[in-house]
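Q: Can you walk me through this one? Start with the terms, then the layout.

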Amino acid sequence: MPKIQFNASCPICGRRLLVRLELLGQEICCTHCHAAFVAKDSSSLTNSSIAVDKRSSIDRRVDTLLSEQSNRSSRLKFILAVADQ
């Protein structure tokens, strides 16, 4: 008898996983990033909830990068000001 599987997406890294049906609703680990999460059929999720999750993830990454760039810029300005003295 063939094993029935469904697609699940890791909420941390976004990797798609094939999960055996008997694991639906149970905690599983991503084979890529090893994050633990409850197995849900990703096809049953609405597209809008997936888009919101991806968007907020992207927003956090952009904020981090902008903050890092701002810190680098401030350090560079300080170094240049000290060098001019």
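A: Helices (H or I, at least four residues) and strands (E, at least two) are DSSP runs, numbered from the N terminus. This is a predicted model, in which local features need pLDDT of at least 70 and side-chain atom pairs count only at pLDDT 80 or more, while totals for chains, interfaces and linings use all residues. Residues are numbered from 1 along each chain as its sequence is written, and side-chain values use heavy atoms, with hydrogens and water left out.

Q: In what order do the elements of the protein run from the N terminus on?

A: The order is β-β-β-β-α, that is, four strands and one helix.

Q: What percentage of the 85 residues is buried?

A: Buried residues account for 13%. Buried means under 20% relative accessible area, exposed over 50%, and partly exposed in between (1.4 Å probe, protein chains only).

Q: Which residues make up the largest nonpolar core?

A: There are 10 residues in this core: Phe 6, Ala 8, Cys 10, Leu 17, Val 19, Ile 28, Cys 30, Ala 35, Phe 37 and Ala 39. Strand E1 (5-9) and strand E2 (16-20) are the elements that give two or more residues to this core. A nonpolar core here is a set of buried Ala, Val, Leu, Ile, Met, Phe, Trp, Tyr and Cys residues joined through side-chain atoms within 4.5 Å.

Q: What does Ile 28 touch?

A: Leaving out residues up to four places away in sequence, Ile 28 touches Val 19, Leu 23, Ala 35, Ala 36, Phe 37 and Ala 39. Contact means heavy atoms within 4.5 Å.

Q: Switching topic: where is His 34 found, and is His 34 buried or exposed?

A: His 34 lies in the loop between strand E3 (27-29) and strand E4 (36-38). His 34 is exposed, with a relative accessible area of 60%. The phi of His 34 is near 70°, a positive value in a residue other than glycine.

Q: How many salt bridges does the count come to?

A: The count is one salt bridge, taking a salt bridge as a side-chain nitrogen of Lys or Arg within 4 Å of a carboxyl oxygen of Asp or Glu. Glu 22 forms a salt bridge with Arg 20, and the closest N and O atoms are 2.7 Å apart.

Q: And how exposed is Arg 20?

A: Arg 20 is partly exposed, at a relative accessible area of 34%.
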